[in-house]
Amino acid sequence: MTALPAGREAAFLMLVLSRIPGLGPARINAIISRFGCTPDLLHAGADDFQRVAGIGERLAGEIAGFLHQPEKRRAAEHDALEQFAALERCNGRLVTILDTAYPSLLKEIYDPPPVLFIRGSLPDPEQPSIAVVGTRKASAYGKQAATEIAGEMAIRGFLVVSGLAYGIDSTAHEAALRAGGKTVAVLAGSVDNVYTDPRGRLWPKIIEQGALVSEEWFGSEMLPSRFPKRNRIISGMTQGTLVVESDLKGGALITASYALEQNREVFAVPGSIYSGNSRGTNRLIQTGQAKAVFSAGDILEELPPPLFGAPNLQQKSAASRAELSGEEHALMRFMGEEPVHLDTLARKSGLEISVLLVLLFELELKKAVRQLPEQFFQRTSRYGNGDFVT
């Protein structure tokens, strides 16, 4: 076997095995379980591999033939070394299923990825976590719900996991970041090509406060088949999955179905019976597959917050006494004692709804604004009493 620095042998072997046709995550994990992750497994014969669960006579012969054919094996080892070089260029790393840093919940699913490509830092494996997913074509209502719930869960000490897709996913990541929490983006492509955020609006911040994660090799081509694979990781890493908006078909419902198979909690934000974006979420609730969620509190009833979530609460308590930013102060000029509708604020301020919702969320955290039903907002007396420097 090609010589590697200490500590990388297991990851190297798993990468080599992944180049063998017919070997997916479940079979690679079975091989590692049978032989251990030592160079000896590269010298195993067809009879040895046939004793591994899920590997029959034909596939056992193909595995042994691949490993014992010098050209194929050298090519696989070369490809694996190239992955290490690519990771070093972007300050990334590999985490294997044998490492203590590997997400503990993900190990419990049927086919956990043997290797994860990481940019950033995975949080404590025992940190409680929630997946927040939904449609790419999110409505203002959906983005508002994702912002409020994901932000509150981050404040409560939960890791927020999503797929960095347009719409609900990106909104959830941004809310967690703004709340000072940790977030992980699980990508369907490689971590060196964040195709949904090419200008780097979010992913550099995610690396600072969490991680980009993928099981796909550097430079791998984006394929539709990789999205369901990605979704099983999102649900597998978390204690529960919240679907904010989804039609009857879509990646968010696939994530929910994986969560159900993995015996994890599923939550859904109900919506209008006239909205296509709510047909999937309403169906999950109607069929008893998901608990209806109106606030983060509905999730916390099922997934209590950790004790180490208290520091985030203290930080936000301090933030509630912080001065307003220039943008927040400008927005407050359009608000008074009477409630103002979201659309009216958008028209008066000239801000996009998505931007406006984030500012209003920050103002709520600072106790300067309260949200009322039907997307109305109102300045609080706390702001008027001069508790904030403006």
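Gly142, Lys143, Ala146, Thr147, Ala150, Gly151 and Ala154 of helix 6 meet Ile168, Thr171, Ala172, Ala175 and Ala176 of helix 7, where contact means heavy atoms within 4.5 Å. By class, this contact of helix 6 with helix 7 has seven nonpolar, four polar and one charged residues, with Ala, Val, Leu, Ile, Met, Phe, Trp, Tyr, Cys and Pro counted as nonpolar, Asp, Glu, Lys and Arg as charged, and the others, Gly among them, as polar. The axes of helix 6 and helix 7 (residues 168–178) come within 8 Å and cross at roughly 35°, the axes being lines fitted to C-alpha atoms, for helices over the stretch in contact, with angles that run from 0 to 180 degrees between N-to-C directions. The crossing of helix 6 and helix 7 is right-handed, a term used if the near helix is turned clockwise from the far one by less than a right angle. Helices (H or I, at least four residues) and strands (E, at least two) are DSSP runs, numbered from the N terminus.

The model is predicted, and local features need pLDDT of at least 70, side-chain atom pairs count only at pLDDT 80 or more, while totals for chains, interfaces and linings use all residues. Residues are numbered from 1 along each chain as its sequence is written, and side-chain values use heavy atoms, with hydrogens and water left out.

A cavity is, on a 1 Å grid over the protein atoms alone, a set of points where a 1.4 Å probe fits but cannot get out, and its lining residues have an atom within 4 Å of a point. The second largest cavity holds about 40 Å³ of space, a volume being the space filled by probe spheres set on the points, which are joined across faces, edges and corners. Its lining consists of Gln144, Thr147, Glu148, Leu357, Leu360, Phe361, Glu364 and Phe377, and helix 16 provides the largest share, four residues.

Phe377 leads from this lining to a sheet, for strand 10 (residues 340–341) and strand 12 (residues 376–379) pair in the antiparallel sense over two bridges, pairing being assigned if DSSP finds at least two bridges between two strands. Valine 340 has phenylalanine 377 as its bridge partner in strand 12, while histidine 341 stands opposite phenylalanine 376. On strand 11 (residues 369–372), which runs antiparallel to strand 12 and is joined to it by four bridges, glutamine 371 stands opposite phenylalanine 377. Strand 11 and strand 12 form a hairpin with three residues between them, and glutamate 374 in the turn has a positive phi of about 60°.

Strand 7 (residues 240–243) and strand 8 (residues 265–268) pair in the parallel sense over four bridges, with phenylalanine 267 in strand 8 as the bridge partner of leucine 242.

Terms used: On a 1 Å grid over the protein atoms alone, a cavity is a set of points where a 1.4 Å probe fits but cannot get out, and a pocket is an open set with protein on both sides within 12 Å along at least five of seven lines; lining residues have an atom within 4 Å of a point.
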